[in-house]
Amino acid sequence: MAFVNFNLEGLQDKIKLVPIDLKNRPDWYKEKVYPTNKVPSMEHNNKVIGESLDLVKYVDSNFEGPSLLPDDPEKRKFAEELIAYSDTTFVPEVYRSFAKDARTLAGAQFDYLEKALLKFDDGPFFLGQFSQVDIAYAPFIERFQVFMPEGFDYDITTGRHKLAKWIEEMNKLDGYKQTKVLEHEKMVEYYKNRFLPVLTLQILDTFLFLFLV
Ligand SMILES: N[C@@H](CCC(=O)N[C@@H](CS)C(=O)NCC(=O)O)C(=O)O
């Protein structure tokens, strides 16, 4: 998400990206930069900022480039709501759904997005024009759109015209395109290993339950 943000703000030359291998994190990262040892984080003016959503807001207010929040108070309020929702509900619920009833539970989350996209009709993005909200959702929607057909034979855009249009419009933004996952197969494998064993256990559980009944 931070990567999408830097690129879309045109800050490639102002911010130096340092990739961190999560499987083999260098000691200096935890010791000298970010004690939680998570990514992303950013050092700026001798301060370290973490948490993707805080970073999006920080970069938007502290660097040059177009503001990614409109002035309209109604839109700002909706932005706050949607950004908080991505973190507290949308992302965790979709991940949780992979171990339960993905099509229904994740489906409800994509329906929420479809409805949110209907609110402002002065553009294809969440607040009409492109904003911080799109940045908050983009990396997750991208991954779910790739994984759900593979894992659950489920296309997140079927019957959701606004979401389909949002994805189409996002894909036209060069800064965003450069941040997208290129190795779909690896990503799907990673998701399958992480989520599908849980699914198998649950199915076994159900069988066991049926047997006992
Ligand atoms: N809420 C944090 C989550 C950060 C996070 O969990 N990052 C993952 C990678 S996407 C990570 O560093 N995982 C390694 C770990 O949890 O030790 C954010 O949005 O920045």
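Q: How do α4 and α6 sit relative to each other, in terms of angle and axis distance?
A: In this predicted model, the axes of α4 and α6 cross at roughly 15° and come within 9 Å. The two helices are therefore roughly parallel to each other.

Q: What is the handedness of that crossing?
A: The crossing of α4 and α6 is left-handed.

Q: Which residues meet there?
A: From α4, the residues are Ala-79, Leu-82, Ile-83, Ser-86, Val-91 and Val-94. They meet Gln-132, Val-133, Ala-136, Tyr-137, Phe-140 and Phe-144 in α6.

Q: And by class, what does the contact of α4 with α6 have?
A: It has 10 nonpolar and 2 polar residues, and no charged residues.

Q: Now α4 and α5. At what angle do they pack?
A: Helix α4, residues 73-97, packs with helix α5, residues 102-117, at an angle of about 160°, and their axes are 8 Å apart. The helices α4 and α5 are therefore roughly antiparallel to each other. The crossing in which α4 passes α5 is left-handed.

Q: Which residues make that contact?
A: On the α4 side they are Leu-82, Phe-90, Glu-93, Val-94 and Ser-97. On the α5 side they are Ala-102, Leu-105, Ala-106, Gln-109 and Ala-116. By class, the contact of α4 with α5 comprises 7 nonpolar, 2 polar and 1 charged residues.

Q: What about α3 and α6, at what angle do they pack?
A: Helix α3, residues 52-62, and α6 pack at an angle of about 145°, with 10 Å between their axes. Here α3 passes α6 in a right-handed crossing.

Q: Who contributes to that one?
A: Helix α3 contributes Leu-53, Val-56, Lys-57 and Asp-60, while α6 contributes Gln-132, Ile-135 and Ala-136. The residues of this contact between α3 and α6 divide into 4 nonpolar, 1 polar and 2 charged.

Q: Changing topic: where is Phe-126?
A: Phe-126 lies in the loop between α5 and α6, the latter spanning 132-152.

Q: Is it buried or exposed, and why?
A: Phe-126 counts as buried because it has 26 C-beta neighbours inside 10 Å, and the cut-off for buried is 20 or more.

Q: What is Phe-126 in contact with, leaving aside neighbours within four places in sequence?
A: Phe-126 is in contact with Leu-82, Ala-116, Leu-117, Ser-131, Val-133 and Asp-134. Leu-82 also takes part in the contact of α4 with α5 and in that of α4 with α6.

Q: How far apart are Phe-126 and Arg-160?
A: Their C-alpha atoms are separated by 14 Å, and the two residues lie 34 residues apart along the chain.

Q: On to the ligand. Which residues are around it?
A: They are Leu-22, Asn-37, Lys-38, Val-39, Pro-40, Glu-51 and Ser-52. This shell divides into 3 nonpolar, 2 polar and 2 charged residues.

Q: What kind of peptide bond joins Val-39 and Pro-40?
A: The bond joining Val-39 and Pro-40 is cis, with omega at about 0°. Pro-40 is placed in the loop between α2, residues 27-33, and β1, residues 41-44.

Q: And Asn-37, what is its phi?
A: Phi of Asn-37 is near 65°, a positive value in a residue other than glycine. Asn-37 lies in the loop between α2 and β1. With 14 C-beta neighbours inside 10 Å, Asn-37 counts as partly exposed.

Q: Where is Asn-46 found?
A: Asn-46 is in the loop between β1 and β2, the latter covering 47-50. Its phi is near 60°, again positive in a residue other than glycine. Asn-46 is exposed, since 5 other C-beta atoms lie within 10 Å.

Q: What about Asn-45, exposed or buried?
A: Asn-45 counts as exposed, with 6 C-beta neighbours inside 10 Å. Asn-45 is found in the loop between β1 and β2. From Asn-45 to Asp-71 the C-alpha distance is 27 Å, and the two are 26 residues apart in sequence.

Q: Finally, the whole chain: how many helices and strands?
A: There are 9 helices and 2 strands, running α-α-β-β-α-α-α-α-α-α-α from the N terminus.

Q: What box do the C-alpha atoms fill, and how much of the chain is buried?
A: The C-alpha atoms fill a box of roughly 65 × 50 × 30 Å along the principal axes. Of the 213 residues, 24% count as buried.

Notes:
Residues numbered from 1 in each chain as written. Predicted model: local features only at pLDDT ≥ 70, side-chain atom pairs only at ≥ 80, totals over all residues. Near = placed C-beta within 6 Å. Nonpolar A, V, L, I, M, F, W, Y, C, P; charged D, E, K, R; others polar. Helix = DSSP H or I, 4+ residues; strand = E, 2+ residues; numbered from the N terminus. Buried ≥ 20, exposed ≤ 12 C-beta atoms within 10 Å, placed from the backbone. Axes fitted to C-alpha atoms, helices over the stretch in contact; angles between N-to-C directions. Parallel < 35°, antiparallel > 145°, perpendicular 65-115°, else oblique. Left-handed = near helix turned anticlockwise from the far one by under 90°. Contact = placed C-beta atoms within 7 Å.
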